[in-house]
Protein chains: 2
Amino acid sequence: MNERQRVRRPGGRSARVGAEVHQAVIDLINERGYGNFTVGQVAARAGVADSSIYRRWGSLETLLSDVVLTRLNAQSPMPDTGSLAGDLRTYAANVAREITGPDGLLLVRLAVALSSKGQQGLEAGEELRAERTRQLQSMLDRARERGEDAPDALGVLDHILAPMYIRVLFGMEITPDYVDGLVDRML
Amino acid sequence: MNERQRVRRPGGRSARVGAEVHQAVIDLINERGYGNFTVGQVAARAGVADSSIYRRWGSLETLLSDVVLTRLNAQSPMPDTGSLAGDLRTYAANVAREITGPDGLLLVRLAVALSSKGQQGLEAGEELRAERTRQLQSMLDRARERGEDAPDALGVLDHILAPMYIRVLFGMEITPDYVDGLVDRML
């Protein structure tokens, strides 16, 4: 491996490889479940060398976390409705729709898988959580800048996201009224 | 298999077989993780026939759920301190200690494993949740009978248990102050 290969090239080929590797991970998650495939199998499916994956992501855990984050950002972008109540309601409804859908508990399953994968797993989980928290915090900061009395991101995690995740995880139904109720209680 | 064998005998042998099967499940969970062993392997480890396990528990999912419930009941019995605040604080502190311990996320991991095991998994998860909810509800009912203004079990699940589970799951620390804060917010 020479120095040129180590350099991550922006755009073109790099983006294409990224998309192929992400798709391979999603296929393998759907076919086998988290934790039941290796970097080598992802590489073979995506038609790239193992070393390309290690160079770019460092570990399977970091790659998994990147795939989930990319999906979350695409499916549940942070809303900007002009009011805290509107933003929280929209955000909570998006999360509810996502976690009750077919790939529902992707994030929670990943957190469980990562939490049993030692230090690299913990770091990848932490990274993922930190990134989503930053996004949520900027939505809440916008509300504060408008003069609204906004909670912090951890309050939203504790009292809006956590109850929804745990209810879905335990096989309980979550209705739109229930989700709105969590937001109202917080506001 | 004749009719006599079908009858579940109370006490003696039945209790011994139950304990041996539970221990075999705990050993296999620790060695291989949830979902990575079969009824046949549990039976072999416990020195009983596969049919004894199917007869008594019906499925691997029901057996797993029974093992986890038995452990929870032993490790986190419902407190009875004479006041709602005392009961909730003790209960929350017990749960916090348990989920941050070495076998920490047993219940959440089981819920995740069961939620991907089809109908039998969902029913076993539901059973487990319902039993713990009944126990929690009787603690809250005692407070109501004393004239205290107690939340219901689902409120405790949503705003005390869920935040703790999700924080541990996402690799975040939970301190005694944080746990007390969740209880205070609810009271």
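**View 1. Contact between chain B and chain A.** The contact takes 26 residues from chain B and 26 residues from chain A, where contact means heavy atoms within 4.5 Å. This is a predicted model: local features need pLDDT of at least 70, side-chain atom pairs count only at pLDDT 80 or more, and totals for chains, interfaces and linings use all residues. Residues are numbered from 1 along each chain as its sequence is written, chains are lettered from A and ligands numbered from 1 in the order in which they are written, and side-chain values use heavy atoms, with hydrogens and water left out. Chain B and chain A bury about 2,600 Å² between them. Carbon and sulfur atoms account for 67% of that area. Buried area is the accessible area (1.4 Å probe) that two parts lose on being put together, summed over both.

View 2. Chain B and chain A share 2 salt bridges. A salt bridge is a side-chain nitrogen of Lys or Arg within 4 Å of a carboxyl oxygen of Asp or Glu. B:R167 forms a salt bridge with A:D158. Their closest N and O atoms are 2.9 Å apart.

**View 3. The side of chain B that touches chain A.** In chain B, α7 (106-115), α8 (118-145), α9 (153-169) and α10 (176-186) each supply at least two residues of this side. Helices are DSSP runs (H or I, at least four residues), numbered from the N terminus. The largest share, 10 residues, comes from α9(B). By class, this side of chain B has 17 nonpolar, 3 polar and 6 charged residues. Ala, Val, Leu, Ile, Met, Phe, Trp, Tyr, Cys and Pro count as nonpolar, Asp, Glu, Lys and Arg as charged, and the others, Gly among them, as polar.

**View 4. Domain 1 and domain 2 of chain A.** Chain A is divided into domain 1 (3-58) and domain 2 (67-186), with bounds from an automatic or database domain assignment. The contact takes 8 residues from domain 1 and 11 residues from domain 2. The two domains of chain A bury about 670 Å² between them, 68% of it from carbon and sulfur atoms. In domain 1, A:H22, A:I26 and A:Y34 lose the most area to domain 2, together 72% of what that side buries. The count of salt bridges between these domains is 0.
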